[in-house]
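This report is written for a reader meeting the structure for the first time. Please look over the sequence and the model before reading on.

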Amino acid sequence: MMIVAVLALATAVKAQETKKAETTATSGILHPEMNVAKDAGSYQKPAGMIGEKPATDWSATTTAAGVGGKPNPGKSVTVTGEIIDLSCYLQLGKHGEKHLACGKKCLTNGQPIGLLDKDGGVYMLMEEEHDPRRDGQVAGFRKAAIEHFGQIMQVSGTEASVKGYHAVYVQGFVSK
């Protein structure tokens with residue numbers, strides 16, 4: 001009788017561990033307990049939008065800068081996700097409301113900007129227009145990302161992927 005009870009307990013514990021692992025694997029978000037603030041939008045109703053829907057996949061300066069006038073393949077997308085500090089997320093899994101002060105400080109000091117989608121997909125975000133980005137004429141994008149840090153936003157731009165690494169290049173922030 002004692003052996004049956006021990007086996008039943010072991011089976012129940014194993015089932016709970018499996019269920020917990022499946023829940024974590026399903027969402028894919030590191031530390032899902034770190035939620036966005038109640039007023040920071042949701043995946044169904046984002047707090048706002050960043051970027052302009054591109055008329056073409058790549059801007060003229062990006063096309064001109066491409067090897068032989070051909071940038072790597074890209075496609076126009078709109079992705080919904082939480083604006084994150086890519087460095088802290090990849091290194092520590094930090095995001096959400098509890099990470100606002102640290103994340104804003106990291107972005108202010110030049111750390112890479114990221115977007116975390118509802119399935120745990122991560123995108124690096126950067127300005128699309130090649131020459132203005134290179135020449136420092138796109139400060140408005142970083143300012144917008146910092147302003148919306150920790151919020152769930154719709155981001156439009158051109159997605160490029162290389163060996164599993166994803167980026168969305170955002171248009172509309174060139175200084176005039």
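## Confidence along the chain

In this protein, confidence is highest in strand 3 (residues 113-116), where the mean is 98, and lowest in helix 1, where the mean is 48. The model is a predicted one, and its mean pLDDT is 88, with 85% of the residues reaching 70 or more.

Two stretches call for careful reading. Over residues 4-10 the pLDDT is below 50, and this stretch has zero contacts in the model beyond near neighbours in sequence. Residues 18-25 also have a pLDDT below 50, and beyond near neighbours in sequence that stretch, too, has zero contacts in the model.

H31 is found in the loop that lies between helix 1 (2-27) and strand 1 (48-50). Its phi is near 50°, which is a positive value in a residue other than glycine.

How exposed is H31, given its relative accessibility of 38%? Because buried means under 20% and exposed means over 50%, with partly exposed in between, H31 at 38% relative accessibility counts as partly exposed.

## K163, between two strands

K163 has its place in the loop between strand 5 (152-162) and strand 6 (165-170). Although K163 is not a glycine, its phi is positive, at about 50°.

The relative accessibility of K163 is 87%, and K163 therefore counts as exposed, since the exposed class covers values over 50%.

Key
Residues are numbered from 1 along each chain as its sequence is written. This is a predicted model: local features need pLDDT of at least 70, side-chain atom pairs count only at pLDDT 80 or more; totals for chains, interfaces and linings use all residues. Side-chain values use heavy atoms; hydrogens and water are left out. Helices (H or I, at least four residues) and strands (E, at least two) are DSSP runs, numbered from the N terminus. Buried means under 20% relative accessible area, exposed over 50%, partly exposed in between (1.4 Å probe, protein chains only). pLDDT is the predictor's confidence in each residue, from 0 to 100. Contact means heavy atoms within 4.5 Å.
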